[in-house]
Amino acid sequence: MECQECHERPATLHFTQVINGEKKENHVCEVCAKEKGYLSYPDEAYSFHHLLTDLINFNASKLDSVENKTLKQQSQELTCTHCGMTFSQFKQIGKFGCASCYETFSSRLDPIFRRAHAGNTKHNGKVPKRTGIDLQTRKQIESYKKELQHLIETEAFEDAAIIRDKIKELESNPRKSEAGDKS
Amino acid sequence: MSLEHFIDEAISPWMRDDGPESDIVLSSRIRLARNVADVSFPLIASEEKLEAIHDFFQEKYEHQSFRNHEDFEFISIRDLTAVEKHVLVEKHLISPHLVKYSDESAALISQNEQISVMINEEDHIRIQLYYPGLQLERALEDAFAFDDWLEERVDYAFDETRGYLTCCPTNVGTGLRASVMMHLPALTITKQINRIIPAINQLGFVVRGIYGEGSEAVGNIFQVSNQITLGKSEEDIVSDLGSIVNQLIGHERNARSILMKQSELTLEDRIYRSYGVLEYSRIINATEASRCISNVRLGIDLGIIKHTSRNILNELMVLIQPGFLQHFAKKNLTANERDVLRASLIRERLELEK
Ligand SMILES: [Zn+2]
Ligand SMILES: [Zn+2]
């Protein structure tokens, strides 16, 4: 097989690229591979970044072609209140500005994650040990509060008092961390 | 700050131990990306916020120990000379990114150099943990425990649905990049590697050459790592990577035995020529040196070259890098000067083995 770039030398490198969601088979010689920078990833973040901006741009152009103006306008106005990053900036650089960006851009992220992570959009792994417990506690408190509300409405005050104590106990045990800005 | 031994030794202490499959697998690495809650990512965070994180890690973790990873050295990257930065990158203790954006960046490195935590890299925290040979599960267990230990004092940016929140969407979820460094000379000689790489890519894993800037994997050393970080558990990622690596080991062993059967003399010739070049050359560039080192290491693994330790591959691959050479010379060197020094260091190192 001859090299697809120079059509002179035999192709010795064979690999698949994903461009705009399309798989492309590549067959090049070593000289052209070097020139084109294929298979040279000195910095993994860099190459993933390029792959990613491709994915995101693909997504955006598809949206443009769908004549859904409301959605388009919404996307232009999406701005993270914590760090000030807009969705179009995110599209351009392929990086989030802060953790809140995930929340802000939430409605637009599933297609991007699906493409980058083989169809996945939800985390299925480790949970922080300490704050993970806080997370469970918070859920528990929420469910107690609902129960409390119901008990008060039905005037079951004795049971309500028990639940209220349980909530107090959970809330009186806040775990504080030393790092992180809480302002 | 005593970072001399990180810089002076080409080989990290943990590399001196042989791990499982260490004739083919040089090392296993677990990397976890984490961010501090409520602080913007280093990409756009204010200097003050990043400086606060930098100082926090220095205050809380400098000279602390975790398990057998003792006495963390805290290194502010801005305090390093260009050559020192270069050497730490060549030893894979820090990333080029950490050096490039070095105003508030830092590294916490344990004395055994098995753990290196990069501070204010692309994410606030990047934990890297190395084990010799193929030991992904063990490395993951250790990294998880270390992660919990850090988390005792740090609130992580975490979301129930998306997992650990990272600057780059390709790291979100587990924040895990598990990778294995492999020496695959026979698959390269037989060109089978060109068919294997795309097949592995299709499985959501990446194979790439490390060292060097061209298309060729310098020294026939490849890194295999996961690409998907979201939706799969860390254990599954690591076990899938492990099975891919085991298949690669099988293919490499197979290719080695076929080479031995079909063209033993050619192979022996190739190995001894390389040995000769390393032993006698007076000027050698990094590419030629890497190729010869790889051949010699193959010769050691096949029992063709005796009385030379396997470690020589890991060690020489770092020793021949520009940063390390200049550190050794204690001055900047032109490319030609480096080629001369490289040849003489290799000769000396081989002499030591006799
Ligand atoms: Zn070509
Ligand atoms: Zn933001």
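**Legends: chains A and B in close-up**

**View 1. The contact of chain A and chain B**. Together, chain A and chain B bury about 5300 Å² (accessible area, 1.4 Å probe, that two parts lose on being put together, summed over both), with 55% of it on carbon and sulfur atoms. The model is predicted: local features need pLDDT of at least 70 and side-chain atom pairs pLDDT 80 or more, while totals for chains, interfaces and linings use all residues. Residues are numbered from 1 along each chain as its sequence is written, and side-chain values use heavy atoms, without hydrogens and water. Chain A gives 58 residues to the contact (heavy atoms within 4.5 Å) and chain B gives 59.

**View 2. A salt bridge between Lys126(A) and Asp147(B)**. The N to O distance is 2.8 Å. Five salt bridges are counted between chain A and chain B; the term needs a side-chain nitrogen of Lys or Arg within 4 Å of a carboxyl oxygen of Asp or Glu.

**View 3. The surroundings of Asp142(B)**. Asp142(B) sits in helix 5 (residues 136-151) of chain B; helices are DSSP runs (H or I) of at least four residues, numbered from the N terminus. Asp142(B) counts as buried because its relative accessibility is 3%, and buried means under 20% relative accessible area (1.4 Å probe, protein chains only). Leaving out residues up to four places away in sequence, Asp142(B) touches Phe66(B), Arg67(B), His69(B), Leu129(B) and Tyr131(B). The side chains of Asp142(B) and Tyr131(B) also form a polar contact of 2.9 Å; this is a pair of N or O atoms within 3.5 Å, and within protein one must be able to donate a hydrogen and the other to accept it, with residues adjacent in sequence counted only if both atoms are side-chain atoms.

Notes: Chains lettered and ligands numbered in written order. Helix = DSSP H or I, 4+ residues; strand = E, 2+ residues; numbered from the N terminus. Buried < 20%, exposed > 50% of the residue type's maximum accessible area, 1.4 Å probe, protein only.
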